[in-house]
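Dear colleague,

I am handing over the structure we spoke about, and below it you will find my notes on what turned up when I went through it. Please read them with the model open beside you.

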Amino acid sequence: MTMEELRVPTLTLPVSISYFDEKKLKGEVFLPAMAATHEGPTRPEEWLNYGNPFFPFVPEGQSRAVILNKRYVIVLTVALDSFSAVGLTGVERRVSLECGSLSLSGAVLIDMPASQSRLADWINRPDRFLLLKGDSEVHLVQKSRITRLSEIREEQRVN
């Protein structure tokens, strides 16, 4: 068996990362081409929540990867057109959140029973990263870095 035969097929995904030291990183990450729990490639939130604690990241304009620690990723952002929502169901709620000085707003998908559909129930799930869908991008936010989360009621929304 050759090394090439042992290689795990991956897909390259362009991302932007807000790192713990407030550095903004742009580059690419590599997701498994086949998901373990459904057909198709692994979704970014699955990869962040269930993968290894360290991952290779190729900074924009460079050819060599550096290894980053997921624990220090505050937000990983993916273009909406690069994100597949296939298989995601639930009720969308508009929220705003803060991670220290970083503020984001968008829609979250609460895919829980009606008796556990409060924002507090959803945020307290065991996943380390939550998905926040903006107008043109999807943010994967590390929950332990969230300092404030609130629902945006329709009457509060500004167009």
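Leu 97 is found in strand S6, which covers residues 91-99. Please keep in mind throughout that this is a predicted model. With a relative accessibility of 2%, Leu 97 counts as buried, because the cut-off for that class is under 20%. Leaving aside neighbours within four places in sequence, Leu 97 is in contact with Leu 102, Ser 103, Leu 104, Leu 130, Leu 132, Val 141, Ile 146, Arg 148 and Leu 149.

**The chain as a whole**

The protein chain has 3 helices and 10 strands, and along the sequence they follow the pattern α-β-β-α-β-β-β-β-β-α-β-β-β. Of its 159 residues, 38% are buried, and the accessible surface comes to about 10,100 Å², with 52% of it belonging to carbon and sulfur atoms. Among the contacts with a separation of 6 or more, 54% are between residues 24 or more positions apart.

**Strand pairing around S1**

S1 and S2 pair in the antiparallel sense over 9 bridges, and within that pairing Thr 10 stands opposite Pro 32 in S2. The two strands form a hairpin with 4 residues between them, and in the turn Glu 22 has a positive phi of about 70°. S1 also pairs with S5, again in the antiparallel sense, over 4 bridges, and here Ser 16 has Thr 77 in S5 as its bridge partner.

**Two nonpolar cores**

Which residues of the largest nonpolar core touch the most other members? They are Val 15, Ile 17, Val 29, Phe 55 and Leu 76, out of 19 residues in that core. At least two residues each are supplied by strands S1 (10-19), S2 (24-32), S3 (54-59), S5 (73-79), S8 (129-133) and S9 (137-142), and by helix H2 (44-50), with the largest share, 4 residues, coming from S1. Val 29 itself touches Leu 11, Thr 12, Leu 13, Val 15, Trp 47, Phe 55, Pro 56 and Phe 57, if residues up to four places away in sequence are not counted. There is also a second, separate core of 16 residues, which includes Val 95, Leu 104, Trp 122 and Ile 123.

**Aromatic pairs**

The count of aromatic pairs comes to 3. In one of them, the rings of Phe 20 and Tyr 72 have their centres 4.7 Å apart and their planes at 50°, so the pair is tilted. Phe 20 lies in the loop between S1 and S2, while Tyr 72 lies in the loop between strand S4 (66-69) and S5, so the pair ties together parts that are 52 residues apart in sequence. Phe 20, at 42% relative accessibility, counts as partly exposed, and Tyr 72, at 24%, counts as partly exposed too. Ring pairs link Tyr 19, Phe 20 and Tyr 72 into a cluster.

**A buried arginine**

Finally, Arg 43 lies in the loop between S2 and H2. Is Arg 43 buried or exposed? At 13% relative accessibility, Arg 43 counts as buried, and its side chain makes a polar contact of 2.9 Å with the side chain of Glu 45.

With best regards

Terms used: Residues numbered from 1 in each chain as written. Predicted model: local features only at pLDDT ≥ 70, side-chain atom pairs only at ≥ 80, totals over all residues. Heavy atoms only, no water. Core = buried A, V, L, I, M, F, W, Y, C linked by side-chain atoms within 4.5 Å. Buried < 20%, exposed > 50% of the residue type's maximum accessible area, 1.4 Å probe, protein only. Contact = heavy atoms within 4.5 Å. Areas by Shrake-Rupley, 256 points an atom, 1.4 Å probe, with all protein chains shown as cover. Polar contact = N/O pair within 3.5 Å; in protein donor to acceptor, adjacent residues only side chain to side chain. Pairing = 2+ DSSP bridges. Phe/Tyr/Trp six-rings, centres within 6.5 Å; stacked < 30°, edge-to-face > 60°.
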